[in-house]
Structure formats: C-alpha cells, structure tokens
Amino acid sequence: MKILITSGTSFLGGRIAKYFQENNIEITIGYRNEFKKAFHSNKFNHIKINWHSIDSIREACADKDIVIHTAGLNSQTCYKFPVLAYEFNSIIAGNLGIACQNENVKALIYLSSIHVYSNDIKEKINEISECKNSHHYSKSKHLAENIYQQISNLNSTKFFILRLSNLFGYPINENKSCWNLFINNICKEASQIRKITINSNPLENRNFISMNYLNRSLKYLIENIKNLNSYEIFNITSQRTLTLEELTILISEKYQKLLNLKIELNYKKQKVFKEKIYYSSRLDHILKSDKNFDSEINELIFHCENQFNDKNK
C-alpha cells in the first residue's frame, strides 16, 4: 500500500503520516519548497508538488494507491483572499482529482469541514443536511466536493469526502498553524501563563475530535475501499459536543491532576444560553466513540509544557 499525503508538512499531514508509517504503510509526503521538506528530514519519502502544473500533480499521484488531500487554505486566509480560496481549495483540488483518475489511484480522500453546513447550526446535523454556509472557506470546500461528485464515475478512482469537526492534538513538526486550533490554543496559553481566556460566549457549543480519531477513521475507510461507492461523504464527529466553559474546566482539571497546577479561567463575555448542537456520522456505529479523546488531551498538555513553559526548557 502506497499513500500520498499532499501536505505532509502540515499539522494534519504530519500526524497522518506518522500514524500510517507506524502501521507499516509506505508514505510519501508532498511539499512546496525545501524549507517545508526539512520539517520531516528523512522520515518519509518526499515529492515536491507544483500545484500550478498538471504534470507535477500527476507525477505526485503516479504509482500511489491512496491520495489523502490535506493541502488547503484555512478560513482566515480564505476570508482575506477569496479569489485564492476558490483557486486553491476548489480548482486545484479538482485538478488533483483528475490526476488521480489519470494515474489510476484507487481512492482520493478529501478533508473537508463540518462547517460547510452552516455557521449557525440549530438542528441535528448528518451527512444529508443542507450545506448553506456562505463563508468563502466553506463554499470553496463544498465546491471541491461537488467537483469530485461530478467526476467520480469517470473511472475506477473513488472519492471519499470527510467533513471534519474541530480537531485537536499535538504536532510532530514545527507547524505554527496548529496553535490556532481551539483546544491547542488554550493548552498553549495554560502552559505559558497558567491562564485560559475565552473571548466568545462561554456557553457556545462545539464538537471536538482528536487526531487519533481522524486517523482511525482514515484507516477504516482505506481498509474497506472495495465495499464503498464511487463517491461517499462522512461526517467525522464525536459525541463530545461541549460548551467552551465545560471544555476549559476539563482542561484546567487535567492540569491539576497531571501536573498539580492551578489554571485561572477568564471569560470575557456574558454567558448566553444556546441549544446543544447534535451531530451524527455514518461511522458512529462502526468506530463507536472517540476513545482517545482524553489521552490526546493529556499528550497535548505534556507537549505544551515541554514547548512553551520556560521552566521546562
């Protein structure tokens, strides 16, 4: 089994590469420049991808069984540069799909977002819920999904869309963007200044998944390619929908239990009640639960203590 991870130097790509390499699968990571390549040294196979060259994209896909598309622009970049959002997240993603078909890749797994549904969710969400978020990030992701659906019957390459909830976990490289993830960010803050500040409504609900849960989901899909249709959508969500207040209390209790440290909690906005958000996934009955949720937070806390607390350097 040979897997290409299109952005192996990212937080997502790095953790996915590490997981599958430990499962004895040959991993190739894509990178854009030599600086990015240096993140992983000689741990994996590497290939430089020029995303504006169809030939370069095809070369990266050649002789691969699976392509996991982790490259993409985040929501902040999409907000600032909307044209670029559609160019990279949609058009280039489509070119990757065509390249996979031309190179007879068994499956392309596209990491989309749970936020394609709505920016103000009020009802239970499943894979057939309407996608109506107007943010350029969400719209560009959804457009890529639609492109894959349209080309999914051209040949034997299958397309699996994973709509990811709010991820968290420790990084394996020096990628800075992972510290924008909510749980990662508050653990970093707790380790730096022994304080967590929440600027949003403390009773806002969010669904969280660990990197380990995402990796388990990927492993299941790859092992069951033959049983899946040419185009499939899966929500990657957990049963852990928490308010921001519940989450910060959980994190502070873990610091107390693991390190005997007291973390101050600071809420900037008034508490305004919001209805609980419920998500369901077609994988719920298979993977059961995010059993690594707590252990992933524990590992993240220890990582933050080593990286961001001056006393531990």
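**Figure 1. Glu22 and Lys18 in helix α1.** Glu22 and Lys18 are 4 residues apart in helix α1, which means that about one helical turn separates them. Helices here are DSSP runs of H or I with at least four residues, strands are DSSP runs of E with at least two, and both are numbered from the N terminus. An α-helix has 3.6 residues a turn, so residues three or four places apart point the same way. The two side chains form a salt bridge, with 3.0 Å between the closest N and O atoms of Glu22 and Lys18. A salt bridge requires a side-chain nitrogen of Lys or Arg within 4 Å of a carboxyl oxygen of Asp or Glu. Glu22 is exposed at a relative accessible area of 53%, and Lys18 is partly exposed at 27%. Buried stands for under 20% relative accessible area, exposed for over 50%, and partly exposed for values in between (1.4 Å probe, protein chains only). The model is predicted: local features need pLDDT of at least 70, side-chain atom pairs count only at pLDDT 80 or more, and totals for chains, interfaces and linings use all residues. Residues are numbered from 1 along each chain as its sequence is written, and side-chain values use heavy atoms, with hydrogens and water left out.

**Figure 2. The salt bridge between Glu296 and Arg15.** The side chains of Glu296 and Arg15 meet in a salt bridge with an N to O distance of 2.8 Å. Glu296 belongs to helix α11 and Arg15 to helix α1, so the pair ties together parts that are 281 residues apart in sequence. Both Glu296 and Arg15 are buried. Other buried residues of α11 include Phe293, Ile297, Leu300 and Phe308.

**Figure 3. The salt bridge between Arg58 and Glu103.** An N to O distance of 2.8 Å is found between the side chains of Arg58 and Glu103. This pair links distant parts of the chain, 45 residues apart: Arg58 lies in helix α3 (residues 54–61), and Glu103 lies in the loop between α5 (82–102) and β5 (107–113). Arg58 is partly exposed at 30% relative accessibility, as is Glu103 at 23%. The structure holds 14 salt bridges. Arg240, Lys254 and Asp294 are linked in a network of such bridges.

Figure 4. Strand β2 (residues 26–31) is mostly covered, with 5 of its 6 residues buried. Strand β1 (residues 2–5) runs parallel to β2 and is joined to it by 4 bridges. The chain passes from β1 through helix α1 (residues 11–22) to β2 in a right-handed β-α-β crossover. Right-handed describes a path from the first strand over the helix to the second that runs clockwise when the strands point away from the viewer. Leu4 stands opposite Thr28 in β2. Strand β3 (residues 45–48) also pairs with β2 in the parallel sense, over 4 bridges, and Ile47 in β3 is the bridge partner of Gly30. Pairing requires at least two DSSP bridges between the strands.

Figure 5. Ala190 lies in helix α7 (residues 182–193) and is buried, with a relative accessible area of 0%. Beyond its neighbours within four places in sequence, Ala190 is in contact (heavy atoms within 4.5 Å) with Lys195, Ile196, Tyr255 and Ile263. The C-alpha atoms of Ala190 and Ser252 are separated by 8.2 Å, the two residues being 62 residues apart along the chain.
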